[in-house]
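Work through the following exercises on aromatic rings with the structure open beside you, and try each task before you read its solution.

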Number of protein chains: 2
Amino acid sequence: MGNEKIHMKYLQLGGIGGRGGVVRFFMLAHGLEYEEELYGMTDGSWTERKESMFKTGENPAGTLPLLEVDGKQVTQHVAAMRYIARVRDLTTGDAYGEFVQDAFADQYQLVRDDWVRHSFGSEEDKKKLKEEVVKRHFKVLDGLITKWQTEKVYLSLGKNGMPLWGDAAAFGIVYDHIKTGAITKEEVDANYPKLAAIYSNFSEIPSVSQWISEKSG
Amino acid sequence: MGNEKIHMKYLQLGGIGGRGGVVRFFMLAHGLEYEEELYGMTDGSWTERKESMFKTGENPAGTLPLLEVDGKQVTQHVAAMRYIARVRDLTTGDAYGEFVQDAFADQYQLVRDDWVRHSFGSEEDKKKLKEEVVKRHFKVLDGLITKWQTEKVYLSLGKNGMPLWGDAAAFGIVYDHIKTGAITKEEVDANYPKLAAIYSNFSEIPSVSQWISEKSG
């Protein structure tokens, strides 16, 4: 169980979280030390980096974030968070407590894919995201939290009392939808009470709220 | 750690595997006792069942498979396999060995989604799957196995020496692409050697080959 600073390569997305943002929020919540290497999406540095990832075999999927955790290269953001939780002994330590994180994160990945597809798509796509897609997805996510949660607010808690990868994913996806105008915080509060509770509690974790205020300021 | 027979509710898909098929192959490989409750997709029984899943809250996502494992209802097929592996003590027991299963399974989910979208779509979709989509995806999956595998053939092995959820997903997705004519076994052998090795080794597990021969016979 190492304790070296985690290194994360990701995209320069400003105040938007993205997949790497979920990992960042997770690391912030757990007070893990990390450093970031961020690539610009418009200045060509990401295109160049992506090419070299394929060539060197650093990541055959050509996706970021790419993390280095105690000497191991890990990608696929949900699997990466679970790995960090495992090697830093942050997990719940019980099979069902981990299942609820895993299962929620699996459903979340569909929502993330749709958010990416629509948010960076045509005006028509953005309209569809706002009017239909986000409502359908958030209803399902809220229902799954209701069914699975083992704690008052979160799905389950790690040994240190902090939320884990599924809860970080829940926070991150609500954050990105609000940030890009696909939904308002008021709509989340009014219609998706379980998601709203995770969003609000997670955003009040001091390290998280500090990151957010620096990015919005 | 219970030992009751696992109950799986899934769709009647004949010889195609689908998401539930991956769980079934996983259970077969590990010699787990299970029983199935399969719903017809054309006789209205699935539509009816889906409605009741929403209403009763049995699965707010409205998806199958839905498993009952020692009294717990578990859904989201990858999370479900990991849960079964955990409660039946089948995992590798080391963080990186589990990471490679998790990370591969995350990438696989994208491939699964695209397979579903195209296989059950228009003729144009089926053509696109065969000519372009499967090649792109299988190249990435093969590259990820090269990067991540910790064993000669499989990504990693459980304590019982059998392959785990990521390897079951690899087998299942190749199986479904071949079964639906999106690719041939010969093409897999010729172009994706790592996937081919997992496919061939997994299909030779006696319980798995028996299931396949009964379905093809």
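**Exercise 1.** In this predicted model, is Tyr96(A) buried or exposed?

*Solution.* The relative accessible area of Tyr96(A) is 16%, and a residue counts as buried when that value is under 20%, so Tyr96(A) is buried.

**Exercise 2.** Find out how many aromatic pairs the whole structure holds, and then classify the pair formed by Tyr96(A) and Tyr83(B).

*Solution.* A search over all chains gives 28 aromatic pairs. In one of them, the ring centres of Tyr96(A) and Tyr83(B) are 6.1 Å apart, and the planes stand at 80 degrees. Planes over 60 degrees apart count as edge-to-face, and therefore this pair is edge-to-face. As the next step, locate the two partners: Tyr96(A) belongs to helix α4 (residues 95-119) of chain A, while Tyr83(B) belongs to helix α3 (residues 77-87) of chain B, so the pair joins two chains. Tyr83(B) is buried, with a relative accessibility of 8%.

**Exercise 3.** Classify the pair of Trp115(A) and Phe120(A), and state whether Phe120(A) is buried or exposed.

*Solution.* Here the centres lie 5.6 Å apart and the planes meet at 85 degrees, so this pair is edge-to-face. Trp115(A) is buried at 3% relative accessibility, whereas Phe120(A), at 57%, is exposed.

**Exercise 4.** Which ring has the charged end of Lys72(B) over it?

*Solution.* The charged end of Lys72(B) is placed over the ring of Tyr96(A), 4.2 Å from the ring centre. Turning to the other chain, the charged end of Lys72(A) sits over the ring of Tyr96(B), 4.2 Å from its centre.

How values were computed
Residues are numbered from 1 along each chain as its sequence is written. Chains are lettered from A and ligands numbered from 1 in the order in which they are written. This is a predicted model: local features need pLDDT of at least 70, side-chain atom pairs count only at pLDDT 80 or more; totals for chains, interfaces and linings use all residues. Side-chain values use heavy atoms; hydrogens and water are left out. Rings of Phe, Tyr and Trp (its six-membered ring) pair if their centres lie within 6.5 Å; planes under 30 degrees apart count as stacked, over 60 as edge-to-face and the rest as tilted. Helices (H or I, at least four residues) and strands (E, at least two) are DSSP runs, numbered from the N terminus. Buried means under 20% relative accessible area, exposed over 50%, partly exposed in between (1.4 Å probe, protein chains only). A charge sits over a ring if NZ of Lys or CZ of Arg is within 6 Å of the ring centre and within 35 degrees of the ring normal.
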